[in-house]
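Q: I have not looked at this one before. Can you walk me through it?

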Amino acid sequence: MAEVGARSMALVLKGRSRLLIQLISGSVGLLGCADLLSAILPPSPLRSELLRSLSLADLSQPARVFSAFAGLVLLQLSLNLARRKAVAWLLTCLLLAATGLSHLLKGLDWELTALSSALLVVLGLMRPLFTARSDPPSI
């Protein structure tokens, strides 16, 4: 019975895989832009005060730098996800997990943490779509 369910899921994914890939890679690119914006914009005063009361204010600035860097990397990875690269899938998953934590440390941005986590779950479910190997190095 489980084999029949796996086959039907594979057929559904096969028919709509191009659209799913575009949606996923576009979402990763948009999250990369959101990461860059959140690193540039000042945090909410209320959230900053809460961070200070939790003695986490010292981690805010390094987390902002990491968030900006992660945003740039996510933009690049989104292009490789559109090409179904397996390594890009793995790196994106690792980076999404790390950025979820950094969003909390830089300004208690639970909204971006929730988006990162949701995208991580979607990427985990869509793992079978990302099968392309990396391009061979050229001179």
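What follows is a short chat about the overall fold and a few residues.

Q: What kind of model is it?
A: It is a predicted model.

Q: How many helices and strands does the chain have?
A: The chain has five helices and zero strands. Along the sequence the pattern reads α-α-α-α-α.

Q: What share of the residues is buried?
A: Of the 139 residues in the chain, 35% count as buried.

Q: Which part of the contacts joins residues at least 24 apart?
A: If you take contacts between residues at least 6 apart in sequence, 79% of them join residues at least 24 apart.

Q: Let's get specific. Where does S25 sit?
A: S25 is part of helix α1, which covers residues 2–40.

Q: Is that residue, S25, buried or exposed?
A: S25 is buried, because its relative accessibility is 9% and the cut-off for buried is under 20%.

Q: What does S25 touch?
A: Setting aside residues up to four places away in sequence, S25 touches S78, L81 and A82. A polar atom of the S25 side chain also lies 3.3 Å from the backbone oxygen of Q22.

Q: What is N80 in contact with?
A: Beyond its neighbours within four places in sequence, N80 is in contact with K85 and A88.

Q: Back to α1. What about S38, buried or exposed?
A: S38 is found in helix α1. S38 counts as buried because its relative accessibility is 12%.

Q: What lies 3.0 Å from the side chain of S38?
A: The backbone oxygen of D35 is 3.0 Å from a polar atom of that S38 side chain.

Q: Which residues is S38 in contact with, leaving aside neighbours within four places?
A: S38 is in contact with R64, S67, H103, K106, D109 and L112.

Q: New topic. How many disulfides are there?
A: A search of the whole structure finds zero.

Q: Which residues form a nonpolar patch on the surface?
A: V87, L90, L91 and L94 form one, and together they have about 360 Å² of accessible area.

Q: Where is L90?
A: L90 lies in helix α4, residues 86–107. V87 is found in helix α4 too.

Q: Why do V87 and L90 count as partly exposed?
A: Because V87 has a relative accessible area of 44% and L90 is at 45%. Partly exposed means the range between the buried cut-off of 20% and the exposed cut-off of 50%.

Q: How far is V87 from R133?
A: Their C-alpha atoms are separated by 7.4 Å, and V87 and R133 are 46 residues apart along the chain.

Q: Where is R84?
A: R84 is in the loop between α3, residues 60–82, and α4. With a relative accessible area of 27%, R84 is partly exposed.

Q: What is phi of R84?
A: Phi of R84 is near 65 degrees, a positive value in a residue other than glycine.

Q: Why point that out?
A: Because most residues other than glycine have a negative phi.

Q: Last one. Where is L46, and is L46 buried or exposed?
A: L46 is found in helix α2, residues 45–53. L46 counts as exposed, because its relative accessibility is 69% and exposed means over 50%.

Q: How far apart are L46 and L108?
A: Their C-alpha atoms are 9.9 Å apart in space, while L46 and L108 are 62 residues apart in sequence.

Conventions. Residues numbered from 1 in each chain as written. Predicted model: local features only at pLDDT ≥ 70, side-chain atom pairs only at ≥ 80, totals over all residues. Heavy atoms only, no water. Disulfide = S-S within 2.5 Å. Helix = DSSP H or I, 4+ residues; strand = E, 2+ residues; numbered from the N terminus. Buried < 20%, exposed > 50% of the residue type's maximum accessible area, 1.4 Å probe, protein only. Polar contact = N/O pair within 3.5 Å; in protein donor to acceptor, adjacent residues only side chain to side chain. Contact = heavy atoms within 4.5 Å. Patch = residues over 30% accessible without salt bridge, like charges linked within 9 Å, V, L, I, M, F, W, Y side chains within 5 Å. Areas by Shrake-Rupley, 256 points an atom, 1.4 Å probe, with all protein chains shown as cover. Salt bridge = Lys/Arg side-chain N within 4 Å of Asp/Glu carboxyl O.
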